[in-house]
Amino acid sequence: MKRYIKLLLVGALTLALVVSVVGCGNSTPGGQSEKPKLVVGTNATFPPFESQENNELVGFDMELIRAIGEAEGYDVQVKHMDFKSLVPAVKTGKIDAAIAGMSITEERLESVAFTDAYFNAGLVVAVRDDNQDIKGPNDLKGKKLAAQTGTIGAGYCDKVAKKDSSTQVRTYDDVAQAFMELEKGGVDAVVNDHPVTLNYILTTEKARVKTVGDVFSANDKYGIAVAKDNQKLLQDLNDGLKKVKADGTYDQIYAKWIDQ
Amino acid sequence: MVWITGSLVFATSFIDSMMQIRGFRIVVQHMPSFMQGALVTLEITALSVALGMILGLFAGLGKLSKSKFIYGLATVYIDFFRGTPLFVQILLFYFGILPLIYNNGVFSSAIIICALNSGAYIAEIVRSGIQAVDKGQMEAARSLGMNHSQAMRYVILPQAYKIVIPPLINEFIALLKDTSLLSAISVMELTHRGDLVYANTYEPAWVWGAVALIYLVMTKALSVLGDYAERRLATE
C-alpha cells in the first residue's frame, strides 16, 4: 500500500512538472507582432540606468531603448547578463545590441561599434563616511580600491596600480558588491560612474558612503553597442536616438531617472 | 642533425604564425598572471582541505556518536553545507556572517568558507569509511579490553584511513574546481584572473580555453596521484 502511495506521489510530481513546463511554452505566443525583433543585452545591477523591480527591467537605459525601438519599429526584448559578457555577446551575434551604461572606449571599439553617445557620465571616487584620508582621485595611490569588473572605473584603478605597485585593486561582477566591500571596510575607495554612485547613496537606507572630490574623466560617454557589420541597425538606432531627443521623450526619461 | 634543425625551424615558424592571432598573443602575454592564479587556487584548495579534514573527522565521528546533542550538531552542520550551493555560502559568509565576527580579509575568508564546505563532505567520507570497517574489528578490540575510544583510535581509524584516501582525493579535485566560485568575492585565483583578462580583451575562446586547460592539467595531475596512492594502499 505504502509503495503505491509513493508511486502515486512521484507520478503526480512528474505530471505537475510537465504541466508547468508546457504551460510556460503556451504563455508566450509568438508571431503576434510583425515588427522585427531586437534583442538587447543589459546588466540590471546599475541603477538608475538599469535595475530589476518587480520582475521587470527598469531604468533610464531601459526606457530609452524601448522609446528608440518604438520610433524605429522594433519589438525590443531586453536580456540580463554579466556586464563583462555584453561585448562578446554583441560581437558573436548572441544579442543584437547592448545598452548598459557602457562607456565608449577604444578597447571596446576594437570589438564592436557604438551609436552616438546618449549620456555623459564621468567617474567619481566614493569612500566610507568616516574616511578623512581620501579627498579625491589624486589620493588613491597605495590604497585598496574596488570597482566593477570590466568598467572604466576598474580601468582607472588599474592605471593607478600600474604607477604605484602598493595599490590593490579588487573587482566584482556588480557594483553593489564593491559598495558592500567598502562599507565592510575591506577597501578604502570605490571608483565608479557618478550617477550610479549617487543613486546608491540616495536610495540605500543607512548607506555609509560619501563621494569625495570632483567628477573626473569627463569624456566618459555612454553608447549602445552593436556588431561592427550591422550597419543598418547602427543607422536605425542613431536615427531613433535623434527622434526621441527631438520630440522631448529623452528629456522626460532624463527627468524621471536622473534628476532625482 | 638535419632533423633537429628542421623541427626547430618548424617550431619557431609555427609559434611565429600563432603570434599573428590576437587571442593567442593575449594568452601568452597573461600566462604569468594565470600561473600565479593557479598557485593561489592550489594554495586555497590545499589549506581548505587540510582544515576540512580536521573538521570532517570530528563531524564524521559526531555523526556516529550516541549522544543526541553531538549527533544533532554534526547533522545540522553537514546538512547545511552539503545542502546549499557553495556560491551562496561564499556570498553569505563573506558579506554577511564573517564581518560580524572579525575584520575579514579575502584570503582568510576564502579558506574558512571552503574549509567549512569541504569539512561537511569529508565528514560523510569519514563516516562511510568507519562504517566500511568490518563490525567484528570493533567487537574484537573491545573483547581485548579496549574501551570505545581506544578501539576507534588504534583499530578502526587506521583501517578506515586506507578506505578514505581515494574519495578524499576526489574531494580535493572537486574543491579545486569549486574555488573558481571565489572569483565573485575578488579572490585572485585562476578564474578571477581569467575574468579580468576577458573583461578587457573580449576573447572568450582563447582566455577561457587557456584557463580550462590549466585546470585540466591540475586535476589530471591530482587524479594520477590518487591512482598511485590507491595502488600503493591496496591490500588484496
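Which residues does Leu182(A) touch, not counting residues up to four places away in sequence?

1. Leu182(A) touches Ala126(A), Arg128(A), Ala146(A), Val187(A), Val190(A) and Val209(A), with residues up to four places away in sequence left out. Two residues are in contact if their C-beta atoms, placed from the backbone, lie within 7 Å. Leu182(A) belongs to helix 6 of chain A. Helices (H or I, at least four residues) and strands (E, at least two) are DSSP runs, numbered from the N terminus. Leu182(A) is buried, with 23 other C-beta atoms within 10 Å. A residue is buried if 20 or more other C-beta atoms lie within 10 Å of its own, exposed if 12 or fewer, and partly exposed in between, the C-beta atoms being placed from the backbone. Although Leu182(A) and Arg128(A) are 54 residues apart along the chain, their C-alpha atoms are separated by 6.4 Å.

2. On the basis of the model: it is predicted, so that local features need pLDDT of at least 70 and side-chain atom pairs count only at pLDDT 80 or more, while totals for chains, interfaces and linings use all residues. Residues are numbered from 1 along each chain as its sequence is written, and chains are lettered from A and ligands numbered from 1 in the order in which they are written.

3. Chain A is assigned domain 1 (37–120 + 221–257) and domain 2 (123–216); such bounds come from an automatic or database domain assignment. The C-alpha centres of these two domains of chain A lie 25 Å apart. Their contact takes 11 residues from domain 1 of chain A and 13 residues from domain 2 of chain A. On the side of domain 1 of chain A that touches domain 2 of chain A, there are five nonpolar, four polar and two charged residues. Here Ala, Val, Leu, Ile, Met, Phe, Trp, Tyr, Cys and Pro count as nonpolar, Asp, Glu, Lys and Arg as charged, and the others, Gly among them, as polar.

4. One open sheet of chain A has five strands in the order 5-1-6-15-7, with mixed pairing. Two strands pair if DSSP finds at least two bridges between them. Strand 5 (75–80) and strand 7 (113–114) of chain A are the edge strands, each pairing on one side only. Strand 7 of chain A is joined by two bridges to strand 15 (residues 225–226) of chain A, and the two run antiparallel. Within this pairing, Val226(A) in strand 15 of chain A is the bridge partner of Ala113(A). Helix 2 (residues 60–72) of chain A lies across strand 1 (37–42) and strand 5 of chain A, at about 155° to strand 5 of chain A. Axes are lines fitted to C-alpha atoms, for helices over the stretch in contact, and angles run from 0 to 180 degrees between N-to-C directions.

5. An open sheet of three strands in chain A has the order 2-3-4 and antiparallel pairing. Strand 2 (45–46) and strand 4 (56–58) of chain A each have a single partner strand, so one side of each is left without a neighbour in the sheet. Three bridges join strand 3 (residues 50–53) of chain A to strand 4 of chain A. Glu53(A) stands opposite Glu56(A) in strand 4 of chain A.

6. In strand 9 (residues 123–128) of chain A, five of the six residues are buried. Strand 9 of chain A pairs in the antiparallel sense with strand 12 (residues 189–193) of chain A over five bridges, and Val125(A) has Val191(A) as its bridge partner in strand 12 of chain A. Strand 9 of chain A also pairs in the antiparallel sense with strand 13 (residues 209–216) of chain A, over five bridges. There, Arg128(A) stands opposite Val209(A).

7. Chain B has nine helices and zero strands. The radius of gyration of chain B, taken over C-alpha atoms, is 23 Å, well over the 18 Å that the globule rule gives for 236 residues, so chain B is more spread out than a compact globule. That rule is 2.2 Å times the number of residues to the power 0.38. The C-alpha trace of chain B spans about 75 × 55 × 25 Å along its principal axes, and buried residues make up 34% of the 236 residues in chain B.

8. The contact between the chains takes 15 residues from chain A and 12 residues from chain B. On the side of chain A that touches chain B, helix 3 (86–91), strand 11 (168–172) and helix 6 (175–184) of chain A give two or more residues each.
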